[in-house]
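Me: Could you walk me through reading a structure like this one? I would like the general idea for each feature, and then the case at hand.

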Amino acid sequence: DMVGEFPELQGVMGAYYAARDGEPESVVAAIRDQYKPAFAGDAIPSNQIGQVLAVAERLDTLAGIFAIGKKPSGNKDPFGLRRAALGLVRILTEAPLDVALAGLLDTAVNLQPVDIEDAQALCDDVLTFITERARNHYRSIVSDDNALAIFEAVRASAPPTWFDFEQRLHAVVAFAALPEANALAAANKRISNLLKQTDLQAAREIDTSLFGSDEERTLHTAIDAAETDLKSMLAALDYQAALMRLSQTRVPVDQFFDRVMVMADDVAVRNNRLALLAKLRGLFVEIADVSVLAG
């Protein structure tokens, strides 16, 4: 009743009641902070219990409002879902809470007390909505002209958690500033276009006996060396180090494209060269699709 009359006391009164009932201070703080961040620049909840509670509250709100068909339309957002989505992303990344959002959404949707025709489609819809809010937030806080391209490059690799997403973002920002970045982004885009023209199954295996030039052998050696070095870096989620290591492939990549005809008349040779390029692209895409940076 108190909060019904004074909505601004939401969470505040709960904290007072919890303290009066002898609840631990961590619980009192969690109840008080569960609606944080309430506005731009507001702090996230101060302890992990509050952070988890705030995430659960936002997931339930988003899933529930979407489930009854009341998601925001145009500039109308009567339930503050855009703010809820952005607050959710901020908590997950700033706390950080390294948890898979897709799994949490699935739980939130399945707990709704209404009939849902397609739960997976609803989860996908909410996740897209959250991602778009994160995209707009990133654009507003990063002055880099490539901010949106960097976000989309990471988005394409489908990171499992928002914490992981954030680590990749920082790595791609650092990569984009390298002198090798433009050339390697363009090379990745070229490789992507070439792979779209062929049977990926046929171009999967690399046969070194089919190499007909030093450029093919040099690139193959460079890719194998990078793949070996990347294993420990990716295991440690050190995406920046991984992209720095991949930037060292620029020279053999440039030389390969300058002197080797990828789409050779001989089908076996052509597929072998495509397999080589596919392996290189796979190493990048495991972190982010840098071809997006080429425009």
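Reply: Happy to. Let's begin with L283, which lies in helix α14 (residues 267-285); helices here are DSSP runs of H or I with at least four residues, strands are runs of E with at least two, and both are numbered from the N terminus. Before going on, note that this is a predicted model, where local features need pLDDT of at least 70, side-chain atom pairs count only at pLDDT 80 or more, and totals for chains, interfaces and linings use all residues. Residues are numbered from 1 along each chain as its sequence is written, and side-chain values use heavy atoms, with hydrogens and water left out.

Me: Is L283 buried or exposed?
Reply: The general idea is a cut-off on relative accessible area: buried means under 20%, exposed over 50%, and partly exposed in between, with a 1.4 Å probe and protein chains only. L283 has a relative accessible area of 6%, so L283 is buried.

Me: Which residues is L283 in contact with?
Reply: Contact means heavy atoms within 4.5 Å. Leaving aside neighbours within four places in sequence, L283 is in contact with I223, A226, E227, L230 and L246.

Me: How do I read the packing of two helices, and at what angle do α5 and α9 pack?
Reply: Axes are lines fitted to C-alpha atoms, for helices over the stretch in contact, and angles run from 0 to 180 degrees between N-to-C directions. Helix α5 (residues 81-94) and helix α9 (residues 162-176) pack at about 75°, their axes being 8 Å apart. Angles under 35 degrees count as roughly parallel, over 145 as roughly antiparallel, 65 to 115 as roughly perpendicular and the rest as oblique. The two helices α5 and α9 are therefore roughly perpendicular to each other. V89, L92 and T93 of α5 make the contact with W162, F163 and E166 of α9.

Me: What does T93 touch?
Reply: Not counting residues up to four places away in sequence, T93 touches W162, F163 and E166. T93 counts as buried, at 16% relative accessibility.

Me: Which residues of α3 are buried?
Reply: In α3, V28, A29, A30 and D33 are buried. The buried residues of α3 pack against α2 and α4.

Me: How many salt bridges are there?
Reply: The rule is a side-chain nitrogen of Lys or Arg within 4 Å of a carboxyl oxygen of Asp or Glu. By this rule the count is 19. One of them joins D214 and R217, at 3.2 Å from N to O. D214 and R217 are about one helical turn apart, because they are three residues apart in helix α11. D214 is exposed at 53% relative accessibility, whereas R217 is partly exposed at 38%.

Me: Which residues are linked in a network of salt bridges?
Reply: E132, R135, E152 and R155 are linked in this way. Within that set, the closest N and O atoms of E132 and R135 are 3.9 Å apart. Both E132 and R135 lie in helix α7 (residues 119-141).

Me: Which residues make the nonpolar surface patch?
Reply: Patches are made of residues with over 30% relative accessible area and no salt bridge, joining like charges within 9 Å and nonpolar side chains (Val, Leu, Ile, Met, Phe, Trp, Tyr) within 5 Å. Accessible areas come from the Shrake-Rupley method with a 1.4 Å probe, and for residues only the protein chains shown count as cover. Here M2, V3, F6, V12, Y16 and Y17 make a nonpolar patch of about 530 Å². The elements giving two or more residues to the patch are α1 (2-5) and α2 (12-20). F6 is found in the loop between α1 and α2, and F6 is partly exposed at 34%.
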